[in-house]
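Open the structure in your viewer and keep the selection panel at hand. We will go stop by stop.

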Amino acid sequence: MSDAKAGAAGPRRERTLVLIKPDGVERAIIGKIITKFEDAGLKVVGMKLLKADEETVGKHYVYDEKWLFSVGEKTKKSMREKGVEMKETELEIGKRVRNFLMKDLTRSPIVALVLEGYYTTEVARKIAGATQPKTAEPSSIRGMYASDNYELADALKRPVRNVVHVSESKEIAEKEITLWFKDSELLDYRRADEGALFGA
Ligand code: CDP
Ligand code: MG
């Protein structure tokens, strides 16, 4: 990872983890998804197609009450905006969704990607879009390639089909990258358009 000409004053290059979930792989839109990230200037430095096991997915969606609560909170807020008051607590929703995710991420192959750039997590999450495809920004991956909603997902006892996972923060990204990739699987090279993209 080189920060080239930016030197100490400039932002550091950073990496984030993306998973193309089973729905994205099964729909044969792997290439389109990668293109969205690449077109924005994020560089693919790690990539593999794999069948995830429960242990790894359990560590990925780690049992962390803060995160489980935030999953429930976001869901309740979005449903409340539709006039639906959910009876479950935030934590109950979070735990239920985690169980759905454990099953879904192991049911069919996924693609794991490591992207590198500046403010990579922030940029990649913007490109991925909001969690619920129905309301995700239309030009985001989730808005463009999906339209699923929480109510249908809950009724079918599965997670909302939103095509991709992107790490939540730079710190979480570092942990998630270590979980899915060995150091030797991350490769450094220069993209031909790096000069034009960043002048660096
Ligand atoms: O993926 P993102 O960071 O946008 O959302 P999250 O709040 O960390 O939730 C993780 C994943 O749980 C989402 O990407 C959805 O696949 C799933 N989820 C769901 O199926 N139903 C919900 N009510 C909330 C989240
Ligand atoms: Mg998340």
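Select ligand 1 and the shell around it: by class, seven residues are nonpolar, three polar and five charged. Here Ala, Val, Leu, Ile, Met, Phe, Trp, Tyr, Cys and Pro count as nonpolar, Asp, Glu, Lys and Arg as charged, and the others, Gly among them, as polar. The model is predicted: local features need pLDDT of at least 70, side-chain atom pairs count only at pLDDT 80 or more, and totals for chains, interfaces and linings use all residues. Residues are numbered from 1 along each chain as its sequence is written, chains are lettered from A and ligands numbered from 1 in the order in which they are written, and side-chain values use heavy atoms, with hydrogens and water left out.

**The ligand's neighbours**

Which residues come nearest to ligand 1? Of the 15 around it, pick T75, T131, V160, N162 and E168. A residue is near if one of its heavy atoms lies within 4 Å of the molecule.

Now show polar contacts (pairs of N or O atoms within 3.5 Å). Start at T75: a polar atom of its side chain is 2.8 Å from a nitrogen atom of ligand 1. Go to T131, where a side-chain N or O atom lies 2.6 Å from an oxygen atom of ligand 1. Then take R142, with a side-chain N or O atom 2.9 Å from an oxygen atom of ligand 1.

Is ligand 1 buried or exposed? Alone, it exposes 510 Å², and the protein buries 98% of that. These areas come from the Shrake-Rupley method with a 1.4 Å probe.

**The largest pocket**

Ligand 1 takes up space that is the largest pocket. A pocket is found on a 1 Å grid over the protein atoms alone, as an open set of points where a 1.4 Å probe fits, with protein on both sides within 12 Å along at least five of seven lines; lining residues have an atom within 4 Å of a point. The volume is about 820 Å³. Of its 33 lining residues, Y61, W67, V71, H165 and E168 are closest to the centre.

Colour α4 next. This helix (a DSSP run of H or I, at least four residues) gives the most to the lining, with six residues. α4 also gives the largest share of the shell around ligand 1, four residues.

**The second largest pocket**

Last stop: about 270 Å³ of space. Select K74, S78, A130, T131 and T135, which lie nearest the centre among 14 lining residues. By class, the lining has two nonpolar, five polar and seven charged residues.

Conventions: Polar contact = N/O pair within 3.5 Å; in protein donor to acceptor, adjacent residues only side chain to side chain. Sits in = over half its atoms within 2 Å of the grid points. Helix = DSSP H or I, 4+ residues; strand = E, 2+ residues; numbered from the N terminus. Points joined across faces, edges and corners; volume = space filled by probe spheres on them.
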